[in-house]
Amino acid sequence: MSRTRERPGPVVVVAPTATPSPNDIGDLTRAVLTDPRRIAVTVRPGQRRPRTADLVADTLDALGRPGTSTAVRAHLDSNLSLLVPFLLTDDVTDLVVFEPAWLGRDSCEDLIAVAVLAHVRLWLVLATPPQGDLADLLAGHCPAWWTPDRAVAHWTAPHPRPTRRARRGAAVATLRHTLSTHEVSSDHARTALAAAADTADPATRAHLIAAHGRDTVRPAARALACVPGLDPARLGTLPVRALAPDARHIAAGATTTRVPPGVRRVLLRQRLHALVIGQRPGDPLLSIDGSPVSTLGVATLTGAPSRPN
Amino acid sequence: MPLLPMPAFRPIRTRADLPPHATQYLPTGAQLVRSAPFELLLAASPEVLSRRRLVLVDGRAGCGKTTALAALAAAASIPVARATITPPATGVKVLEAIHTSLTGHPAGLSQRRYENMLRDTLGREPRLLLIDEAQNAGLPVLRTLRLMLEATNAQFALVLAGYGIAAHIQQEEMLRSWVGLTVTFDALDPTGDLLPTLRDLHPQLAATPDPLLLEVNRVHCRGRLRDWVVVLETALSFAPQGPFTRAVFADAIHTIAGTRPALVA
């Protein structure tokens, strides 16, 4: 088995030529988790409403974001595109989805589109060779399907040294691993994080919410409050277009304010989220429905975190 | 695949080796029937289950599957949870039944939270999970069970019992690939194990002439152990001692079925 690293395409279909044994599935799962920047989810069988609701929640879990509130909240309409801001700004290179056939063809197509938008390589791992429309769709994106052995060899081959950002995110990587291996269930992780956030000092709490929460608005509000030179009274009306696409600057009126590097990622995530949910360039950045956020609302968002998710 | 620590099973020889609730349907004086599939299940399961392979217990209704599961539960030396799937078996209902078997109470959760909780619970300590009437589980439930088995932290082995379960499980090819043992409980064979089994079951049956037993089997019991137990307990109410007669069996079957059988023996 070659140990050299191949260069797979943006979408890789892994399908066995015969029915794999239970050991093969275990090998695949373990091999996936050798790199914390590679996250894995398994599609849950059966009818789910909405169809991709659990996939969105499981992907956020796999990102190390089980949430920081004990209340379990449906993630808006559980549209797959809501993953884009997190996949683009969290430290992740590969999304491995086991049993994508259980999603059906249309949801698989949506998943591929989301992965392409989010610049993550999508691995679709099937236990049995797909049939019909789904096979045609997958062949269109990945003409030469990989065998499970080849995928394991690729995932376990020596990979480049982790980036400084990846090393910094050791806590996230650990949580990703424990959630992906089910050593800790997402419900327990969420409860533990909520308890930790409740008793932590404000800075630690904000960090926990930014790293493990599923909310983009509240961390962004706090980040804006940290940008020197911005008028706190105007944060609720600051439009989406004011924030540069790379989140390095905020252009408010005639003045341009530099965004400190430490909060850029959070703001970038909120900008992406605003675009995903259909906010227009002139809509307030911190709003989810286009209406301005009141001063009291901004104060609530930037103040002590009551119950973010 | 990690092995499951599986200390040697306790021997199950008589009904006294089973908990009272597992043998409450047996009439006084009746013994546990240790048929060939029963013995095979108890002998082969420890090795298969320690490798976390799936054990299937198949066979028609009334042929001893549920009693065999009770014996397996009594013999096992690790904690056992036992669930029964009743239709309509939606995913959440099945998960709730399994959760209840593990914790003693339903939790009223969503399917997702049940799945999370069960993965958590079934990864905490070695366990044996016995699911009866598993033929009622639909394909999504079979897939969910498979995902639980495949979880990297899983510390349980699974036994599925039900009429036609071996064929039913073919729907989910990956779950089928987990199977390590299939034991089939058939109706008792009048030319083979019927008479020895009835003699083992109760001393009054042992004292009854073989032709009469064969005739009762032909007209009513048809090799089904459960039907024999019902006939036995009814016949015992008419004749608590001595060998059973044609009249006693006729009265017993009349009581059970509502029509008088034409016993020719």
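Start by selecting Leu193(A), Ala196(A) and Ala197(A) in H9(A); they meet Arg205(A), Leu208(A), Ile209(A) and His212(A) in H10(A). Meeting, or contact, puts C-beta atoms, placed from the backbone, within 7 Å. Helices are DSSP runs (H or I, at least four residues), numbered from the N terminus. By class, this contact has 5 nonpolar, 1 polar and 1 charged residues. Ala, Val, Leu, Ile, Met, Phe, Trp, Tyr, Cys and Pro count as nonpolar, Asp, Glu, Lys and Arg as charged, and the others, Gly among them, as polar.

The model is predicted: local features need pLDDT of at least 70, side-chain atom pairs count only at pLDDT 80 or more, and totals for chains, interfaces and linings use all residues. Residues are numbered from 1 along each chain as its sequence is written, with chains lettered from A and ligands numbered from 1 in the order in which they are written.

Next, show where the two chains touch. Chain A and chain B each give 22 residues to the contact. On the side of chain A, select helix H1 (22-32) and helix H9 (186-199), the elements that give two or more residues. H1(A) gives the most, with 6 residues. That side has 4 nonpolar, 13 polar and 5 charged residues.

Last stop: Val97(A). Its contacts include Val41(A), Val43(A), Leu111(A) and Trp123(A), not counting residues up to four places away in sequence. Val97(A) is also among the residues that touch the most other members of the largest nonpolar core, which has 161 residues. Such a core joins buried Ala, Val, Leu, Ile, Met, Phe, Trp, Tyr and Cys residues through C-beta atoms within 7 Å; buried means 20 or more other C-beta atoms within 10 Å of a residue's own.

How values were computed:
A residue is buried if 20 or more other C-beta atoms lie within 10 Å of its own, exposed if 12 or fewer, and partly exposed in between; C-beta atoms are placed from the backbone. Two residues are in contact if their C-beta atoms, placed from the backbone, lie within 7 Å.
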